[in-house]
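Subject: Structure handover

Hello,

Here is the structure I said I would pass on. Please look through it first, then read the notes below.

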Amino acid sequence: MAKHHVTATLNGNPVEYLCETQQTLLEVLRDELHLTGTKEGCATGDCGACSVTVDGRLVCSCLVLGAEAEGKSIQTIEGMADGTKLHPLQQKFLEHAALQCGICTPGMLVAARSLLERNANPTEEEVRYWLAGNLCRCTGYNQIVEAVLDAASEMRRA
Ligand code: FES
Ligand code: FES
């Protein structure tokens, strides 16, 4: 079957790719565009490891078809740092030891950024609720929540 020719924006830059009808956006990102920061945990929409934003909306890229991204703006973990300067969320994850194996981390960071874009001053409860779809097998979540709250505080001061 002929592949789909998709034109989109990826982390602010124009991108074109070919994909099969059944290929997910997660597969396109990792296998076609070689951006392996976005992780596959479950491939069924349950773990959040594959979180990206599409036109500003937080999605599980394992549940989106690559062809559906036509004309859309996709943001992945690769677009989070500004050159060598880490995003405040990334810096705070390091400072709070909010990662261990790292599999959940890109999805957590993308999801947390999405929260802070909507709510610059979330409560702990709001952070925990927003990140409820992002599973972590390692950290116990407390350091992640503390890192997000600390990053939010720093971003408000900046
Ligand atoms: S890999 Fe997409 S939600 Fe788990
Ligand atoms: S750091 Fe290992 S799953 Fe979260």
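Thr 105 is buried, at a relative accessible area of 8%. Buried means under 20% relative accessible area, exposed means over 50%, and partly exposed is in between, with a 1.4 Å probe and protein chains only. Thr 105 sits in helix α3. Leaving out residues up to four places away in sequence, Thr 105 touches Phe 93 and Leu 99. Contact here means heavy atoms within 4.5 Å.

A word on conventions. This is a predicted model, in which local features need pLDDT of at least 70 and side-chain atom pairs count only at pLDDT 80 or more, while totals for chains, interfaces and linings use all residues. Residues are numbered from 1 along each chain as its sequence is written, chains are lettered from A and ligands numbered from 1 in the order in which they are written, and side-chain values use heavy atoms, with hydrogens and water left out.

Overall fold

The protein has five helices and five strands. Helices (H or I, at least four residues) and strands (E, at least two) are DSSP runs, numbered from the N terminus. In order from the N terminus, the elements are β-β-α-β-β-β-α-α-α-α. Along the principal axes, the C-alpha atoms fill a box of roughly 50 × 30 × 25 Å. Of the 158 residues, 42% are buried. Among contacts with a separation of 6 or more, 55% are between residues 24 or more positions apart.

Helices α2 and α5

How do the axes of α2 and α5 cross? The axes of α2 (residues 88-95) and α5 (residues 142-157) come within 8 Å and cross at roughly 135°. That makes α2 oblique to α5. Axes are lines fitted to C-alpha atoms, for helices over the stretch in contact, and angles run from 0 to 180 degrees between N-to-C directions. Angles under 35 degrees count as roughly parallel, over 145 as roughly antiparallel, 65 to 115 as roughly perpendicular, and the rest as oblique.

On the α2 side, Pro 88, Leu 89, Lys 92 and Phe 93 take part in the contact, and their partners in α5 include Ile 144, Ala 147 and Val 148. By class, the contact of α2 with α5 has eight nonpolar, no polar and three charged residues. Ala, Val, Leu, Ile, Met, Phe, Trp, Tyr, Cys and Pro count as nonpolar, Asp, Glu, Lys and Arg as charged, and the others, Gly among them, as polar.

Loops

Most residues other than glycine have a negative phi. Ala 97 has a positive phi, near 50°. Ala 97 lies in the loop between α2 and α3 (105-118) and is partly exposed at 42%. Tyr 141 also has a positive phi, near 75°. Tyr 141 is in the loop between α4 (124-130) and α5, and its relative accessibility of 29% counts as partly exposed.

Glu 70 is in the loop between β4 (57-60) and β5 (73-75). Glu 70 and Thr 7 are 63 residues apart in sequence, but their C-alpha atoms are 5.5 Å apart. Besides Thr 7, Glu 70 touches His 5 and Val 6, not counting residues up to four places away in sequence.

Regards
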